[in-house]
Amino acid sequence: MNSGLTNHEVSFQKTVHTPNFLTLILHMPHDIGLIGLAVMGQNLVLNMANHGFSVAVYNRTATVTDDFVGGLAGEPADKVHEGTADRIHGCHSLEELVAALDRPRRVMLMVKAGGPVDAVIEQLRPLLDEGDIIIDGGNSDFRDTNRRSKQLRDAGLLFIGAGVSGGEEGALKGPSIMPGGHNEAWPHVKDVLQSISAKVGPNDDIPCCDWVGEDGAGHYVKMVHNGIEYGDMQLICEAYFILRQALGLSNADLHEVFAEWNEGELESYLIEITRDIFTVKDSIGDGDLVDAILDTAKQKGTGKWMSQHALDLGVPTTLITEAVYARCLSAQKDARVRAAELLSGPEVRFNGDRAQFIEDVRQALYASKLCSYAQGFVQLDAAAEEFGWKLDNGSIALLWRGGCIIRSRFLQDIKAAFDNNPDLENLLLDDFFRSAIDKAQPSWRRVVSTAIELGLPVPAFSAALTYYDGYRQARLPANLLQAQRDYFGAHTYERIDKPRGETFHTDWIRERKPM
């Protein structure tokens, strides 16, 4: 019975005497192992098993493993398909999990980002053999993924950092998956990851999962996805706030507005769920639930990471950064309540055409959303240049068409833009996007100016418009800024009538003349 077993498997047979040991031997080898059985991990396991893959699972707390595996029989048929439970086997140690896997072993981690990922990898390394594959499916910082990619390659192991988007439902029914890392690992995991991903297309047969690039590219694309998600959510919240405060729309009115918007060019998952939110009544108190929720937004950090790295790269990802700051300001609830008693602003009273203003808000939301995606892809291009990644922006847009939070109709338009020009430096320069912005511009400007006149904060709307206006200027006031820097710090400047890169310095104090 021991013939053909590796040293780890022989050791496993000698030392493990758990009740499910014989079950594991009878069902060996398993297609993949998964470590970390929180809700996302459990749903990914069910997704894999529902698609016919056998999965060995492990959680640091053994009772979590036992409860999960033991409870499979009681799950509804839409969650656990026929035969699924037989394809999932619990393990009580990492040694047991590794010994239960087919070669090359594929082990997916769904544990908390940061130190816990490093800790599990360190425990796995001595148990795995050359060519085995570790997949980090958590929300890891791409810099950690870059580091782990190098360390594991040096150790003879293959590594994939896979961004997974779609929440709990997506994990079960089909998420968007953005894998990157060691290129040679992709053929060994492609079948599993593409099988469990969301499917789109006329026949629902195009997986929202494809290879992104080397090292941390997958987690970087997931980070940008999450940053765009921050921007989309903030823009929707600003549209809601304007309609509620300026026009006094009820939640029933807002439901109708968002339902109509979801039938057009704004059709998306986030518009759809926002429509539904306005219909839910408060089961604890009176009225609608949305009105009972405290106005303080939390964040897990990925949007902040994108903004921080945008500064490192020197790219103006302004809308997403404002969305992060908006969450920070919302968290200062007590300070805002105190300030509201002391600080004054204009009276919020709109006297114009209400139907036209609702349409203006829709157009402003669409135009701002276009700018958000444009900024996101500009940052992807900058990161690709920084790290030597060969990213396919059109293919990345397709990964987001299903399963993920930012899925929307116009992602296909982004794919078309990059198909028309793979070297497109900014989506705003594409004919489709340029035409859409031109159409929306009057409404966009009316909404931002009206909000300012009424004293309503619209940081994302205004950041998008300001970015657009700055990007379309051939000349900005940075000439004066450079003069100031050279005046006080001798930082030098370039001239418009000399070759780029040639620098000059002026003794401004000596050269100044009385006026």
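Modeller: First a term: buried means under 20% relative accessible area, exposed over 50%, and partly exposed in between, with a 1.4 Å probe and protein chains only. By that rule Ser408 is buried, because its relative accessible area is 10%. This is a predicted model, in which local features need pLDDT of at least 70 and side-chain atom pairs count only at pLDDT 80 or more, while totals for chains, interfaces and linings use all residues. Residues are numbered from 1 along each chain as its sequence is written, and side-chain values use heavy atoms, with hydrogens and water left out.

Colleague: Where does Ser408 lie?

Modeller: Ser408 is in the loop between helix H18 (393-399) and helix H19 (411-420). Helices (H or I, at least four residues) and strands (E, at least two) are DSSP runs numbered from the N terminus.

Colleague: And what is Ser408 in contact with?

Modeller: Leaving out neighbours within four places in sequence, Ser408 is in contact with Glu267, Ser268, Lys369, Tyr373 and Trp400. Contact means heavy atoms within 4.5 Å.

Colleague: What does Asn262 touch?

Modeller: Not counting residues up to four places away in sequence, Asn262 touches Glu267, Ser268, Ile271, Glu272 and Arg275. Glu267 and Ser268 are also among the contacts of Ser408. Asn262 sits in the loop between H11 and helix H12 (269-277), and Asn262 is buried, with a relative accessible area of 8%.

Colleague: On to rings. How many aromatic pairs does the search find?

Modeller: The search covers the whole structure and finds 21 aromatic pairs. Phe258 and Trp261 are tilted, because their ring centres are 4.9 Å apart and their planes are at 55 degrees. The rule is that rings of Phe, Tyr and Trp (its six-membered ring) pair if their centres lie within 6.5 Å; planes under 30 degrees apart count as stacked, over 60 as edge-to-face and the rest as tilted.

Colleague: Where do Phe258 and Trp261 lie, and how far apart in residues?

Modeller: Both are in helix H11 (residues 251-261), 3 residues apart, about one turn of the helix. Phe258 and Trp261 are both buried.

Colleague: Which residues do ring pairs link into a cluster?

Modeller: Tyr366, Tyr373, Phe410, Phe432 and Phe433. Tyr373 is also one of the residues in contact with Ser408.

Colleague: What lies over the face of Tyr230?

Modeller: Arg327 does, at 3.7 Å from the ring centre. A charge counts as over a ring if NZ of Lys or CZ of Arg is within 6 Å of the ring centre and within 35 degrees of the ring normal.

Colleague: Is Ser149 buried or exposed?

Modeller: Ser149 is buried, with a relative accessible area of 1%. Ser149 belongs to helix H7 (residues 142-154). Beyond four places in sequence, the contacts of Ser149 are Phe159, His182 and Asp215. From Ser149 to Phe159 is 10 residues in sequence and 5.9 Å in space, C-alpha to C-alpha.

Colleague: Now the whole chain. How many helices and strands are there?

Modeller: The chain has 23 helices and 10 strands. Its C-alpha trace spans about 95 × 65 × 50 Å along the principal axes. Of the 515 residues, 49% are buried.

Colleague: And what share of the contacts joins residues at least 24 apart?

Modeller: That share is 69%, among contacts between residues at least 6 apart in sequence.
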